Number of protein chains: 2
Amino acid sequence: MDINSLTPELMHFLGQAAYAQLGEFESLARAVSTAPTLSAKEGLSNAAARALSKHHGLVSEIRRRGSEPDTAMAPFVAGLERFRQQTQGGDWHELLLSCYLTGGLLDDFFIRLSDGLPRDVGSRISGLLAEDSGTSVLVHELQAAIAKDPALGSRLAMWGRRLVGDTLLVARSAMPKCAEQTPEDSRIEPVFTDLIAAHTRRMDGLGLTA
Amino acid sequence: MDINSLTPELMHFLGQAAYAQLGEFESLARAVSTAPTLSAKEGLSNAAARALSKHHGLVSEIRRRGSEPDTAMAPFVAGLERFRQQTQGGDWHELLLSCYLTGGLLDDFFIRLSDGLPRDVGSRISGLLAEDSGTSVLVHELQAAIAKDPALGSRLAMWGRRLVGDTLLVARSAMPKCAEQTPEDSRIEPVFTDLIAAHTRRMDGLGLTA
């Protein structure tokens with residue numbers, strides 16, 4: 001049950017985590033551009049800045065090791081772009097829910113994986129990823145919209161259930177192949193159980209059924 | 001010829017400058033999302049972070065005075081949104097040129113206007129706006145593309161001439177109406193002459209005829 005044995009090679013981890021944060025930034029920036037009010041735009045721009053700051057922190061870790069960020073991120077572009085396309089949603093509220101849920105789930109996931117990295121880099125990265133994501137504005141906007149329109153709540157609850165599936169799949173693809181004699185699912189399961197519990201708390205906080 | 005007499009009321013200045021930086025950020029974020037290579041994406045994300053950091057610096061100045069940023073920015077939304085629509089360009093290179101030229105011109109413009117603000121806030125703001133915008137990536141990408149395709153150079157030269165016109169108009173609209181007895185054009189002219197000279201240097205640096 002030790003997560004260390006599930007930890008991918010460091011540069012693999014950094015490249016994927018860095019590109020995931022860049023994707024989160026791009027989605028938040030799209031939410032900024034399409035925000036219906038200035039105060040939402042303002043709050044979202046803060047969340048976008050935080051995703052970008054996490055991205056740049058991960059890029060610094062890549063450079064610190066003498067690698068180029070684009071080389072490190074390249075293997076993950078196709079998969080994460082597809083993921084981002086699938087999770088953009090059909091309107092602004094679906095996009096907000098996606099930023100909130102997939103961003104939160106992937107942060108949690110990479111924080112868990114970072115436990116298995118060498119201690120110095122692992123603790124720097126978990127500290128970086130655990131920084132406030134500035135997503136209270138997302139929660140606030142979603143709660144207000146759901147309170148006004150129960151039909152939106154039902155639609156977003158379904159959308160949230162789809163998002164968790166897509167996100168767990170993309171997270172799963174980040175994990176190394178395990179040796180044949182150890183059924184990998186039994187070791188990954190407790191990690192994913194925790195991720196889903198945190199996801200469920202986020203859904204609950206919005207008044208949505210996970 | 002004293003720019004002080006051209007300086008708008010402080011909150012007017014801060015609201016417009018803050019929204020202009022947010023627009024610059026949104027355009028750069030769009031350029032990040034549509035970048036054809038990872039290294040361009042990476043460099044542009046840095047430029048986007050810097051525009052956002054200037055925006056948040058201006059928002060802090062608004063808050064420091066007990067005002068709400070959305071209230072301060074609201075009067076400028078329609079004009080600057082229209083400006084941003086007009087200056088998005090038809091493809092990625094036109095968008096890059098727009099980010100570079102309009103961002104540079106508006107930074108210069110607000111730095112000039114900030115000379116007339118109360119000294120403490122004026123010097124903080126000119127320092128903030130004069131920070132490196134991280135636009136060397138824009139210059140690099142544009143130079144490389146123009147070197148490969150002379151037809152693109154001609155098209156971008158025309159696009160640059162149109163951008164300067166649109167940007168000077170939106171800048172002009174930021175200046176206060178002057179008393180009737182003073183022909184305002186005679187006082188604004190030297191400021192605009194300097195702005196155009198800096199614009200011409202940016203065009204020259206790209207090998208484009210201003």
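How many salt bridges does the rule find across the interface of chain A and chain B? I am working with a predicted model here, and my search of that interface gave 2 salt bridges.

Next I asked which elements of chain A face chain B. I found that α1 (10-33), α2 (38-64), α3 (69-73) and α4 (77-86) of chain A each give two or more residues to that side. The biggest giver is α2(A), with 12 residues. Sorting this side of chain A by class, I got 14 nonpolar, 6 polar and 5 charged residues.

I then looked at the contact as a whole. Chain A puts in 25 residues, and chain B puts in 25 residues. I noted about 1,800 Å² buried between the two chains, with 66% of it on carbon and sulfur atoms.

I superposed chain A on chain B and needed a rotation of 180° with 0.0 Å of shift along the axis, at an RMSD of 0.0 Å. The two copies are therefore related as by a two-fold rotation axis. Both copies use the same surface, since 100% of the contact residues of chain A recur in chain B.

Back to salt bridges, now over all chains: my count by the same rule is 26. I picked out Arg155(A) with Asp91(A), whose closest N and O atoms are 3.0 Å apart. Arg155(A) sits in helix α8 (residues 150-172) of chain A and Asp91(A) in the loop between α4 and α5 (92-114), so this pair ties together parts 64 residues apart in sequence.

Last, I checked α8 in the other copy. Helix α8 (residues 150-172) of chain B has 23 residues and spans 33 Å from first C-alpha to last, close to the 33 Å expected at 1.5 Å a residue. At the start of α8(B), I saw a side-chain oxygen of Asp149(B) come within 3.1 Å of the backbone nitrogen of Ala151(B).

Terms used
Residues numbered from 1 in each chain as written. Chains lettered and ligands numbered in written order. Predicted model: local features only at pLDDT ≥ 70, side-chain atom pairs only at ≥ 80, totals over all residues. Heavy atoms only, no water. Contact = heavy atoms within 4.5 Å. Buried area = accessible area lost by both parts, 1.4 Å probe. Salt bridge = Lys/Arg side-chain N within 4 Å of Asp/Glu carboxyl O. Helix = DSSP H or I, 4+ residues; strand = E, 2+ residues; numbered from the N terminus. Nonpolar A, V, L, I, M, F, W, Y, C, P; charged D, E, K, R; others polar. Least-squares fit on C-alpha atoms with pLDDT ≥ 70 in both. Expected span 1.5 Å × (residues − 1). Polar contact = N/O pair within 3.5 Å; in protein donor to acceptor, adjacent residues only side chain to side chain.
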